[in-house]
Structure formats: C-alpha cells, structure tokens
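User: I have a model open and want to go through it with you. Can we begin with the metals?
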Amino acid sequence: EAKQQGRNTWHWHGEDVSSPMSEHVEMRLELQEAIREGQFLLHYQPIVDTRTGRVRSVEALVRWQHPDKGMISPGLFIPLAEQTGQIVAIGRWVLHQACQDMATLLAEDATDLQVAVNISPLQFRRAGFLEEVEQVLDATGWPAHRLELEVTEGVLMSGTDRAIEVLHALRRLGVQVAIDDFGSGFSSLRYLRQLPISKVKVDRSFIHDITRNGDNAAITQGVITMAHHLGLKVVAEGIETVEQHANLRQRECDLLQGFLFSRPVPLERLKALPTCLPESTRDHAAAPTPGR
Ligand code: C2E
Ligand code: MG
Ligand code: MG
Ligand code: MG
C-alpha cells in the first residue's frame, strides 16, 4: 500500500521512479528548514527588446542554496513544493524579495525596468493572494505597473471563475499578467481573447529548433500574429543563438529572453550589466547579429 502511494507520488521529481519514498520525505523536511532558515535566493534574467536589445524587464528565478548540496535549481524542488503546499511560503518570499530588490535598483535610478515573478497555480488560486500582492507593493514601494506575474496555462484552465476574477482584480491594481510556457500545455486560444493578460511567452520547446523545424516556426509565427491582433506582446524564451535572434526579429516577436543575452544572474551582476544587451553579447556570439 505504501509502495503504491510512493509510486503515485514520485513523479514530481522527474527522476528514477525507483527512488525511495524516504527521499521525498527528506526533501520535504529540508524544504521546511530552508523556508525557516531563508536558504532561497533570486537570480534575475534580462528580457530584451528584439529590435534594440534594450533590457525591458527581468525575470526573477528562485534558487535553493542548500547547506551541503549546493545550489539546487527550481525544476527540482518547485514541483514538490507545489505538491506539499510549501510553494505558498516560498512564493510569498519570492514576490517580496523581487520587488524589494528592484526597489533598490530604482532607488539607484537604474531604470524603467519591469520585474516578472513566477506564480504557481496553488499560490494564484489561494484566497488572500491579491492582498498579498497589494501588501508587497505597499511595503516595498514598487509600482504596480512594473510588476508582471507569470502564470502557466493550467492556472487559467482550472478553477476558471476564480482565476478570472483574480486576473481582473490584478488588472485593476495595474499589475500585468503574462502566460508562461505558452503552447506547452493544452491552452485554449479563447483565453487569449477573453482574459486581461498583457503578454504571451512562447515556450522554449518551440524556439530551440525554430530555424530548422518548420512546424515550430509556423506555430510561433501563428502565436505572434494572433497575439498582436489581440494587442498582446510576445516574448520568446530560450534564445541561445544569433540565428534564433534574427529569425524572431524577422517574425516581429517583441521581446527575447535567453542565454544569448544573459544567463540568470545575482542582483549584483544584474546591476553591472549594460542596459542594452546585444552589443555586450557580440563577443561571444557565433556571428555578427544581422542588421546591426
Ligand atoms: P520559466 O518560468 O519558464 O523560466 C525560464 C527558465 O528557462 C529558467 O530556468 C531559465 O534559466 C531558463 N532559460 C532561460 N534562457 C534559457 C536559454 O537560453 N537556454 C536554456 N536552456 N534555458 C534558458 P530555471 O531558472 O531553472 O527555472 C525553471 C522553472 O522553474 C521556471 O521556468 C519556472 O517555471 C520555475 N520557477 C523558477 N522560479 C520560480 C519561482 O520563484 N516560483 C515558481 N512558482 N516557479 C519558479
Ligand atoms: Mg517564467
Ligand atoms: Mg517561461
Ligand atoms: Mg519555460
């Protein structure tokens, strides 16, 4: 029976199913400690204007600095935290820290940057989430219109009524919402038309081979055309090459995010980055960026 349960609950890790249940339990306890001890930190990845290379926003990405195991990536612990509910505490910390960090940049007069924060489905659907957002904006002084929340398609599809209510309330606050990993789930195109969202982020799985794969290129073009028709901006994730950059520029994708411009970096390194990134990446780019 316990074995059966273990099998059912193990898929979160995306690892060997034969891993013992105790590992799951152990990580859960360690996460509890991490929350208590404040072992999380944020890295920031720039999102640039496709045409100018100007940094328009940064995405906050959480990391777990484990005392023995070193830096653990979110792909390894967010799914479990979502399952155990621990994501609520982690997510609250992330939202606050991201706005706080950005507010210090603002104080140093760094810009008109927006910050994008990932919000897990559980966090988004929880009663009190809106108040949490308001409190964070209040406490940090970060302007609502410079906060963008990234939600996945799943958030919009389950518990739809409540989700729609929250989306409208966020819009009234001035907070923007982007659909993350667009195309990777079973999204209905109707959501794009009906919901108060401002941006669509095309999933990396469509971008990585966009210069070679006609299907992915066509899907991406379709999303861009449709989003623009509806007045939404499009971000392409996972830009690693100048060829992908050129391809998406030609498709009039508005914004780009990827290792070509910068990996996610700690706040201190973010501060040191130039505000215009393609220039700075020319050195390690394979070829000169076309048209520049
Ligand atoms: P995401 O929101 O789609 O974030 C983008 C991910 O793509 C990040 O991985 C980023 O490092 C990676 N990435 C960016 N550019 C490139 C590229 O050019 N090539 C490749 N190969 N990868 C690139 P990361 O930081 O490991 O985060 C993974 C996922 O974990 C995120 O995907 C998001 O779903 C989740 N996550 C991260 N931070 C948080 C958080 O604070 N709260 C919640 N709920 N989820 C988070
Ligand atoms: Mg994201
Ligand atoms: Mg994403
Ligand atoms: Mg993604």
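User: Which residues coordinate the magnesium ion (ligand 3)?

Analyst: This is a predicted model. In it, Asp180 (OD), Asp181 (OD) and Glu237 (OE) coordinate the magnesium ion (ligand 3), at 1.7 to 2.8 Å.

User: How are those donor residues spaced in sequence?

Analyst: The spacing for the magnesium ion (ligand 3) is D-D-x55-E.

User: How far is the magnesium ion (ligand 3) from the magnesium ion (ligand 2), and which residue coordinates both?

Analyst: The two ions are 3.5 Å apart, and aspartate 180 coordinates both.

User: And the magnesium ion (ligand 4), what are its protein donors?

Analyst: Asp181 (OD) and Glu237 (OE), which lie 2.2 to 2.8 Å from the magnesium ion (ligand 4). The pair links distant parts of the chain: aspartate 181 sits in strand S6 (residues 176–182) and glutamate 237 in strand S8 (residues 233–237), 56 residues apart.

User: How far is the magnesium ion (ligand 4) from the magnesium ion (ligand 2)?

Analyst: Those two ions are separated by 6.0 Å.

User: Is glutamate 237 buried or exposed?

Analyst: Glutamate 237 has a relative accessible area of 11%, so it counts as buried. Aspartate 181 is at 24% relative accessibility and therefore counts as partly exposed.

User: Switching to pockets. What volume does the largest one have?

Analyst: The volume of the largest pocket is about 990 Å³. Its lining has 36 residues, and Glu59, Leu61, Pro74, Asn118 and Asp180 lie nearest the centre.

User: How does the lining of the largest pocket divide by class?

Analyst: Into 15 nonpolar, ten polar and eleven charged residues.

User: What about the second largest pocket, which residues lie nearest its centre?

Analyst: Arg56, Gln114, Lys199, Lys233 and Leu255, out of 13 lining residues. The second largest pocket holds about 310 Å³ of space. Its lining has one nonpolar, four polar and eight charged residues.

User: OK, the core now. Which members of the largest nonpolar core touch the most others?

Analyst: Tyr44, Phe124, Leu147 and Leu149, in a core of 79 residues. H4 supplies the largest share of this core, ten residues. In soluble globular proteins, nonpolar side chains tend to be buried together.

User: What is leucine 147 in contact with, leaving aside neighbours within four places in sequence?

Analyst: Leucine 147 contacts Leu95, Cys99, Val115, Val117, Val133, Leu137, Trp142, Val175 and Gln176.

User: Last bit, the whole chain. How many helices and strands?

Analyst: The protein chain has 14 helices and nine strands. Of its 292 residues, 48% are buried. Among contacts with a separation of 6 or more, 67% are between residues 24 or more positions apart.

How values were computed:
Residues are numbered from 1 along each chain as its sequence is written. Chains are lettered from A and ligands numbered from 1 in the order in which they are written. This is a predicted model: local features need pLDDT of at least 70, side-chain atom pairs count only at pLDDT 80 or more; totals for chains, interfaces and linings use all residues. Side-chain values use heavy atoms; hydrogens and water are left out. Donors are N, O and S atoms within 2.8 Å of the metal (3.2 Å for Na, K and Ca); water is not among the atoms, so sites may look incomplete. Helices (H or I, at least four residues) and strands (E, at least two) are DSSP runs, numbered from the N terminus. Buried means under 20% relative accessible area, exposed over 50%, partly exposed in between (1.4 Å probe, protein chains only). On a 1 Å grid over the protein atoms alone, a cavity is a set of points where a 1.4 Å probe fits but cannot get out, and a pocket is an open set with protein on both sides within 12 Å along at least five of seven lines; lining residues have an atom within 4 Å of a point. Grid points are joined across faces, edges and corners, and a volume is the space filled by probe spheres set on the points. Ala, Val, Leu, Ile, Met, Phe, Trp, Tyr, Cys and Pro count as nonpolar, Asp, Glu, Lys and Arg as charged, and the others, Gly among them, as polar. A nonpolar core is a set of buried Ala, Val, Leu, Ile, Met, Phe, Trp, Tyr and Cys residues joined through side-chain atoms within 4.5 Å. Contact means heavy atoms within 4.5 Å.
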